[in-house]
Amino acid sequence: MRYRYVTADVFTAHAYQGNPLAVVLGAEGLDTAQMQRIAREFNYSETSFVLTPRDAAHTAWVRIFTPDREVPFAGHPNVGTAVVLAREMIAAGRPAPARFEFEEEAGLVRIALQYDEAGRLLGAELAAPQPLTRGSQASAEAAARALRLQPADIELAEHAPQVVSVGLTFLVVQLASRDALRRAVPDPAGYAALMPLDGARSIYAYTTDAGGDTAQGPTDIQARMFTGRMTEDPATGSATGAMTALRAALRGAGELRLRVGQGVDMGRASLLLAQAEVLADGVWAGVAGQAVVVMEGTLPAPVMD
């Protein structure tokens, strides 16, 4: 049996920018090991698999895999999967959908589709499935070593390097300058000494010194995200949401909105529109962005040894 897939570049309006995603449609019949092998074959930061929802009131059950593991939630797979599914529905002559609800391991992910004035599909906005949680802090020295920087490059005035999550866990590190962000490189020995930390396997580094970058228009934040595989992610919605929620929590009551650029230093410029609000039951985040379909085709089910 062959399965249809569509790829999309997410958090961009331009093909070959943003973060690539593979979406495998109608994935019933594939087991976990087969999904993992397909994700490893694509070798994107994530691949999503769309299945029939367990609750008929929801749109789909979505499973998300990196090349080496399944994750409970991620940002760009939700935006990209939503755009791909909406595109499929419109192409089949069905009404353009306004909202989706995806079942995921971290919880129910609610997504609003975005269209321009002419009704053309542009992108989507997700609401993270969990409120902000905070775990351990790391020292400036340990974070700097993991990023091959100096301790002085770590900004501590607002927060120490902090483990945070709104559905997927990251170590969030604020850097003192855009120059430090450009110089950041994942260091294997530094990573091994620090990570994993409270479930975080990846480091999201960011700076508020964002004025010099114009590839995506003005931004409030510039960011990079490095994985335990020593790879860089061009756009990370789940980490961006967690960072925004952390900054909102530190600021106190009200809503925070941020324009976040990512992927610039690796040649895949991305723009993420993040928001977080401090509510009575926690700090809740959302992330929006555009996506563009790039490729589509079919693939066979892997034959497992």
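Is Glu103 buried or exposed, and what is its relative accessible area? Glu103 is buried, with a relative accessible area of 7%, where buried means under 20% relative accessible area, exposed over 50% and partly exposed in between, for a 1.4 Å probe and protein chains only. The model is predicted, so that local features need pLDDT of at least 70 and side-chain atom pairs count only at pLDDT 80 or more, while totals for chains, interfaces and linings use all residues. Residues are numbered from 1 along each chain as its sequence is written, and side-chain values use heavy atoms, with hydrogens and water left out.

**Surroundings of Glu103**

- Glu103 belongs to strand 6, residues 99-104; strands (E, at least two residues) and helices (H or I, at least four) are DSSP runs numbered from the N terminus.
- Leaving aside residues up to four places away in sequence, Glu103 touches Pro53, Arg54, Asp55, His58, Ala60, Trp61, Val62 and Leu108, a contact being heavy atoms within 4.5 Å.
- Ala60, one of these partners, lies 43 residues from Glu103 in sequence, with a C-alpha to C-alpha separation of 6.3 Å.
- The backbone nitrogen of Arg54 is reached by the side chain of Glu103 at 2.8 Å.

**Rings and charge**

- The charged end of Arg54 sits over the ring of Trp61, 4.1 Å from its centre; the criterion is NZ of Lys or CZ of Arg within 6 Å of the ring centre and within 35 degrees of the ring normal.
- The structure holds five aromatic pairs, and ring pairs join Tyr5, Phe42 and Tyr44 into a cluster.
- Rings of Phe, Tyr and Trp (its six-membered ring) pair if their centres lie within 6.5 Å, with planes under 30 degrees apart counted as stacked, over 60 as edge-to-face and the rest as tilted.

- In strand 13, residues 221-226, six of six residues are buried.
- Ile221, Ala223 and Met225 point one way from this strand, whereas Gln222, Arg224 and Phe226 point the other way.
- In a regular strand the side chains alternate between the two faces of the sheet.
- Strand 12 (residues 203-207) pairs with strand 13 in the antiparallel sense over five bridges, and Ile203 stands opposite Phe226; pairing requires that DSSP finds at least two bridges between two strands.
- Strand 15 (residues 254-262) pairs with strand 13 in the parallel sense over three bridges, with Gln222 opposite Gly261.
- Strand 14 (residues 232-233) pairs with strand 13 in the antiparallel sense over two bridges, and Phe226 stands opposite Glu232.
- The hairpin of strand 13 and strand 14 has five residues between the strands, and in this hairpin Met230 takes a positive phi near 65°.

Key. A polar contact is a pair of N or O atoms within 3.5 Å; within protein, one must be able to donate a hydrogen and the other to accept it, and residues adjacent in sequence count only if both atoms are side-chain atoms.
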